[in-house]
Amino acid sequence: MPSSVIAGIGMYVPANVVTNNDLTRYMETSDEWIQERTGIKERRYAHRTQETTTTMAVEASKIAIERAGLTVQDIDFIVFATLSPDYYFPGCGVLLQRAMGMRQIGALDVRNQCSGFVYALSIADQFIKTGMYKNILVVGSEKHSFGLDFSTRGRNVSVIFGDGAGAVVLQPTEEDGRGILSTHLHSDGADAEILAMYNPGTHANHWKEEKYASFDEAEIGQMFFSHAMIDDAQVFPFMDGPAVFKTAVVKFPEVIMEALNTNGLTPQDLKMLIPHQANLRISQFVQQKLKLCDDQVYNNIQQYGNTTAASVPIALCEAWEQGRIQKGDLVCLAAFGSGFTWASALMRW
Ligand code: ACO
């Protein structure tokens, strides 16, 4: 059975840099608070009308495809991870297929938030191993800046997130010991609501209120989006930050060790850990716990904030561009986020 290698990688971040000080225009916060609690100094926001989750993905994908020595016509499957799609439906996969002028290939959308890219990579890995596809484009892209509460009410969430995209082309290899060694996917929905965007959705929490009992079908239709949702800020992401933090610092080391143990390896064998850029404090905690040195962990949350499904491929791309990952190096990708879902992928570059 062949294993899968990353044959090309690309990233794109919008030109518009938004500093912590810029955010103080909209909400009560400070550069000091944000840097101390998260490590973030600045993030990028997409151009309001010219850039979307899909257009950023296209830019990252063009680079990945070119670096793989391919053309768009060679791509035979798309896996697209995002929590901020252009439309509620259809997903971004088909929009990417259209925008890049690809053949009528399959396009799959992954809704796994921060672990979305690692899940997407694992899916692509299975298709490569079975021989079903030869050149799979795996994308993580987010345009958070369009869906955040920029008032003081939403500051615990809004200061964290940024926009951007990353993409890889996955291909089979027969080279012994190279490529993705294993992937590990987990979820626990017990705390689904502590990091979530509830609306629009079909959860019908409104129906618990008696006043809606007599509503007819037409009125029910309007419940999908209501003025009250907007007035009560229920259309923005909600996060119990401290609770997420506590679980993240347990699950990150667990899923990294699971990948290493499965392959009979130790943290010392790692050339590079690429953690999802959730919070610099989380990455530092994981580094300490696994006794990794600074050179073994890549962080760029300082420049880009948390770009959710895009954060792992953006960090991987930068580390590779800087020459910090070379052929034969052991690289671990790990992510944790909303769901909760968490995942890792161990590969020999
Ligand atoms: N600026 C200033 N003050 C703030 C801000 C802000 N941006 N945000 C919150 N505060 C205040 C709070 O109101 C609170 O004030 P109070 O003590 O007067 O009530 C105080 O700061 C402390 O708030 P906490 O929420 O307890 O702050 P904490 O130290 O936990 O940091 C943070 C918040 C950064 C969100 C942290 O909890 C975190 O990083 N959690 C994990 C986030 C994460 O990993 N998410 C997963 C990925 S996202 C995804 O999957 C979509």
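Helices (H or I, at least four residues) and strands (E, at least two) are DSSP runs here, numbered from the N terminus. What you're looking at is a predicted model, where local features need pLDDT of at least 70, side-chain atom pairs count only at pLDDT 80 or more, and totals for chains, interfaces and linings use all residues. Residues are numbered from 1 along each chain as its sequence is written, and side-chain values use heavy atoms, with hydrogens and water left out.

- Glutamine 113 sits in the loop between strand 5 (106-110) and helix 5 (116-129), and its phi is near 50°, a positive value in a residue other than glycine.
- The peptide bond from phenylalanine 89 to proline 90 is cis, with omega near 0°; proline 90 is in the loop between strand 4 (77-81) and helix 4 (92-99).
- Glycine 339 and phenylalanine 340 are also joined by a cis peptide bond, with omega about -10°, and phenylalanine 340 lies in the loop between strand 12 (330-337) and strand 13 (341-348).
- For background, most residues other than glycine have a negative phi, and most peptide bonds are trans.

**Domains**
- The chain is split into domain 1 (3-173), domain 2 (179-191 + 239-348) and domain 3 (198-235), with bounds that come from an automatic or database domain assignment.
- Taken over C-alpha atoms, the centres of domain 2 and domain 3 are 38 Å apart.

**Who surrounds the ligand**
- The ligand has 25 residues around it, the closest being Thr29, Arg37, Cys114, Asn279 and Ser338; a residue gets into this shell if one of its heavy atoms lies within 4 Å.
- Domain 1 and domain 2 each give the shell at least three residues.
- By class, the shell has 13 nonpolar, nine polar and three charged residues (Ala, Val, Leu, Ile, Met, Phe, Trp, Tyr, Cys and Pro count as nonpolar, Asp, Glu, Lys and Arg as charged, and the others, Gly among them, as polar).

- An N or O atom in the side chain of arginine 37 is 2.6 Å from an oxygen atom of the ligand.
- Asparagine 279 has a polar side-chain atom 2.6 Å from a ligand oxygen.
- Serine 338 uses its backbone: a polar atom there is 3.0 Å from an oxygen atom of the ligand.
- On its own, the ligand has 1000 Å² of accessible area, and the protein covers 73% of that (Shrake-Rupley method, 1.4 Å probe).

Note on methods. A polar contact is a pair of N or O atoms within 3.5 Å; within protein, one must be able to donate a hydrogen and the other to accept it, and residues adjacent in sequence count only if both atoms are side-chain atoms.
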